[in-house]
Amino acid sequence: MIYPSSSSFFVAVESFLAVTRPRLIFHRISLFAMEQRKRTLLPILTASLFILTVGYLVLPEWSDAHFLQDGPLSSHSASASQFQAPTPNIWADLNASEAKDVYDFLVREWADLDLTTSPKTGTDNYIVTIEALQPNKSQAVPYLFEQESRPARWAKVVLSHNTHDGPLLTYYAVGPLPVSAETKVELLTYPFNSGRSSVPNFRADFLSSALFALNLAENVSDITTELLGAHVNNKDPFDPDALQAFPQFTRIDAGLTLAWIQFFRSGMGSAGRTLLPQGLYAKINASDEVSQWTVGQWWYNGQLFDDVNHLRRAMNDPDSGFLRTEPNTDGSWTDTEDFDALPDGRELPPPVSIQPLGPRYKLDKAERFVSWFGFEFYFTSTQATGVSLYDIRFKGQRVMYELSLQEAMAHYAGDDPMAGGQEFLDTFFGMGTNAFELVPGYDCPAYADFLDSELHRVGKTEKLPNNICIFEFSSDALLSRHTAQYSVTVSRNTFLTLRFVSTVGNYDYTIDYTFYLDGAIEVKVRASGYIYGAFYATNPFKNEDEYGHRVHNALSSSLHDHVINFKADLDIAGTANDMVRMAVEPTVISYPWDQPYIKERHTMHLQEYPVTRETGFDWPWNGGEFYLVYSSDQKNAWGERRGYRIVSGTGMGNTPHLTVQNSTSLGDSARWAEKDIWVVRQKDEEPRGADPLNYLDTHHPLVDFTKVANAESLIHGAEDDDKNVHKNSKDEDDYNGDLVVYFNVGSHHVPHSGDIPNTLMHTSASSVMFVPHNFADRDPSRESVQGVRLQLKGDKSGGFAGFPSPDDDSNTHEPSKSWPAAGLEQDLRSRERRQQQAGESEKVKRGSYQRHEGANYFGTPYKKGVQVPLEALEPDLESRFVTSEVRVSDLGLNGSAAGVWLP
Ligand SMILES: *[C@@H]1O[C@H](CO)[C@@H](O)[C@H](O)[C@H]1NC(C)=O
Ligand SMILES: *[C@@H]1O[C@H](CO)[C@@H](O)[C@H](O)[C@H]1NC(C)=O
Ligand SMILES: *[C@@H]1O[C@H](CO)[C@@H](O)[C@H](O)[C@H]1NC(C)=O
Ligand SMILES: *[C@@H]1O[C@H](CO)[C@@H](O)[C@H](O)[C@H]1NC(C)=O
Ligand SMILES: *[C@@H]1O[C@H](CO)[C@@H](O)[C@H](O)[C@H]1NC(C)=O
Ligand SMILES: *[C@@H]1O[C@H](CO)[C@@H](O)[C@H](O)[C@H]1NC(C)=O
Ligand SMILES: [Cu+2]
């Protein structure tokens, strides 16, 4: 029971060994299980109580420790819970009462529109969404850094408006808020480079179109029964044996919209409907309102029929040469779990991570502000894009103004009418709208902090509970280590992650923003869930494996690209930045010191290429270039420009762009997908590289990325006469050097048998990292990292210059030279506050550390054993998971940007 004071191990380790250990240990650990789960196994409880009492006696400091208290494990210490953001979160979404005020205001303003809160047809007028309209950077930056007044709060509203041209979705801005006599509503125009604020909502009547598909399917029940062994059931939408039918649209131009309706088995058991395409397709002329739709050709097993009668005739004519193929039926193969298998070891739970002493970050839950070892940032979330980060600083220095998801595309290919034209732009379905409750202990560690989001739609507010988590995590691998003759030193790699998961129909995207102690920032996306498979046809016209692999009797995987776009508004030590490509190049050089024996040396060197125009580029071959964003005016102590490197990060190392060139179905709606990374000017009128409504009118998108990245000059200020760059008159403007980078993560997904039943996140992952490059004078993680230096003996090789020698009687060591350089103090909001909070006592403690032989800890190690409640190992999900029904989008359009019909 008595742990050596230098020990840093926990009983967590024991817990998964418990089954094989003596009963006593098991009881001690499971006491909390008894309490938490209110079980009444009295004899065990009695034994446990005895042990616990002993535990209290032996470990007195722990009796009031965090872990032994009631309440959420992640609760902060008293001082941390009073932690306050330095300023209000100016990017925060509207709260329910603000949204209600905006709604009531609009109902008055738009009295003539007869707005309804329960739309039931595509022709009803209603307010689809109300959210915060993010302030312009040109107003936010003076507020944050120059004590200017707070930017006015505005709302962004989408109105579903039935006009004489049919239903439109239109953006409006409402402000300033709170609603007052000055508040006005105006068309929101500036973010859209199309010159429009609205798109025709040709999918407004989604219930009618779903009914049309069902009706069509019912009309061919004879065909589906014969070919597929099933038919639709109009009476019972939950009939597990029935077929379902969904349309997929291609808008050719304003006058022509085509759809293919495909049949699916319901996948009622597993929800794996996208593994159950049925290979029967009908073409619809969906140009007009649903009542005018007409059915055209049919496609089955590589055979095209002019209409349903031709199909029927061919099926019934033994001489027609009609080719049948095996149907794709559901079964246990679509189940995601095997509850019965018990290979050796499965009877034990795996190791888990615990955080017995509470978090080391500070979180202002109300303002959504986080501070962690010098990193500080605000976050917010939107219905389209989920969580975004703002005003990211590291040790008081500005790094990014904004880091945010822009769009998540999946673009398919295939030789059937569904896979052949299929693409999804998932902000249309809502990466935030579909960010559902996370599973504590699984999606995020049990000790994570969980935050909620709210959706304001159709005059109501809906809560998405616990759908954002934040936590620290220690990697299995160190941040640094070194073994010397007389010392071994190891530093833990502990990082901070902000995570959410969007489940958009069949796929689940886990999206992480991760911060490292050295100042690195990572954006990582992992995908799981069900692939959108293609029907496996067997006919002589088929090209085997051209678009994927056979993964079940009648299922083919379907080749697709995931391209997920983020915006990083970098402000490296301020807004004036320059981007360069620093190439590592082979070269042949003659050195005087080589002469006369080696005339020329074959070697390599660095060559810098300034990026002087807005452009897109791909990750370099062989990783042979460093993409660097430098401060235009700030240098570190060594005279080097302070910078960050943008690099394809961890995961599969596969940060793709779209393979398809000039995609037929995408039109101009997602040109950002065509290169790995883009650099453009920051502009208030270009807040986003995409818009969720782009999906409705892909050939005439509201935001066309080619107009964002349109080769404008990036030359500014002092750089004008530098580097042989010639200015032309077009460039002679007042551009201040503020850069925005757009970058993509994702994968070229060629699903194989291992994607059945679900795609696996350990490999279906990619990331982009922003890594300090001469940003500081040396590695900043040294002052925050936790680890140990084992001083073996002596102070010769492996001695330590950072400590005074043992005979130095001053007994304090020089505090490390303060960084960043003097003169930037006004920017040091974190450091100032940290010093205030640390107070004098900590300074004294820190300064008086004496080197000794043996284990010298830096940062605080664990000093006592801990009692681990079961809640820390296996959260009681039956009480903690609060959602009772998840509103998954399930391939339908209700709840997407096309509209939501509330009862
Ligand atoms: C909502 O926001 C307004 C404006 O910031 C504030 O006055 C109000 O107290 C907030 N309401 C709640 C319930 O937080
Ligand atoms: C289904 O059949 C009915 C009756 O023949 C017809 O009126 C209707 O238009 C058909 N619907 C579709 C979608 O084919
Ligand atoms: C599609 O239907 C519309 C009427 O809804 C019609 O005007 C148009 O000609 C049709 N187009 C085709 C290609 O069938
Ligand atoms: C795509 O469009 C661009 C611009 O119109 C053109 O230069 C390029 O050749 C096109 N690529 C293909 C494969 O059509
Ligand atoms: C934000 O910037 C845009 C583009 O310059 C401008 O049209 C708009 O009025 C600004 N918004 C506010 C609230 O000032
Ligand atoms: C649309 O979805 C909402 C939940 O978001 C649900 O309450 C409503 O009943 C659905 N409407 C239809 C017509 O299915
Ligand atoms: Cu995929």
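Tutor: Residues count from 1 along each chain as its sequence is written, chains are lettered from A and ligands numbered from 1 in the order in which they are written. In this predicted model local features need pLDDT of at least 70, side-chain atom pairs count only at pLDDT 80 or more, and totals for chains, interfaces and linings use all residues, while side-chain values use heavy atoms, with hydrogens and water left out.

Student: How many helices and strands are there in the protein chain?
Tutor: Both are DSSP runs numbered from the N terminus, with helices being H or I of at least four residues and strands E of at least two. The count is 13 helices and 35 strands.

Student: What share of the residues of the protein chain count as buried?
Tutor: Buried means under 20% relative accessible area, exposed over 50%, and partly exposed in between, with a 1.4 Å probe and protein chains only. The chain has 903 residues, and the buried share is 53%.

Student: Which residues is I646 in contact with?
Tutor: Contact means heavy atoms within 4.5 Å. Leaving aside neighbours within four places in sequence, the partners of I646 are L570, M579, W619, Y627, V629, I677, V741, V768, M769 and F770.

Student: How many residues of helix α6 are buried?
Tutor: Helix α6 spans residues 137-145 and is mostly covered. Its buried residues are K137, A140, V141, P142, Y143, L144 and F145, and what covers them includes β14 (386-394), β15 and β25 (560-570). Of the 9 residues in α6, the number buried is 7.

Student: Why does D571 count as buried?
Tutor: D571 sits in the loop between β25 and β26 (577-589). Not counting residues up to four places away in sequence, D571 touches K137, R398, V399, M400, Y401, N577 and D738. D571 counts as buried because its relative accessibility is 1%.

Student: Which side chain makes a polar contact with the side chain of D571?
Tutor: A polar contact is a pair of N or O atoms within 3.5 Å; within protein, one must be able to donate a hydrogen and the other to accept it, and residues adjacent in sequence count only if both atoms are side-chain atoms. The pair involving D571 is 2.9 Å apart, and the partner is K137.

Student: How much of the accessible area of ligand 5 does the protein cover?
Tutor: The ligand is surrounded by N136, Q139, W154, Y190, D684 and E685, where near means a heavy atom within 4 Å. An oxygen atom of ligand 5 is 2.4 Å from an N or O atom in the side chain of N136. Accessible areas come from the Shrake-Rupley method with a 1.4 Å probe, and for residues only the protein chains shown count as cover. Of the 360 Å² that ligand 5 has on its own, the protein covers 56%.
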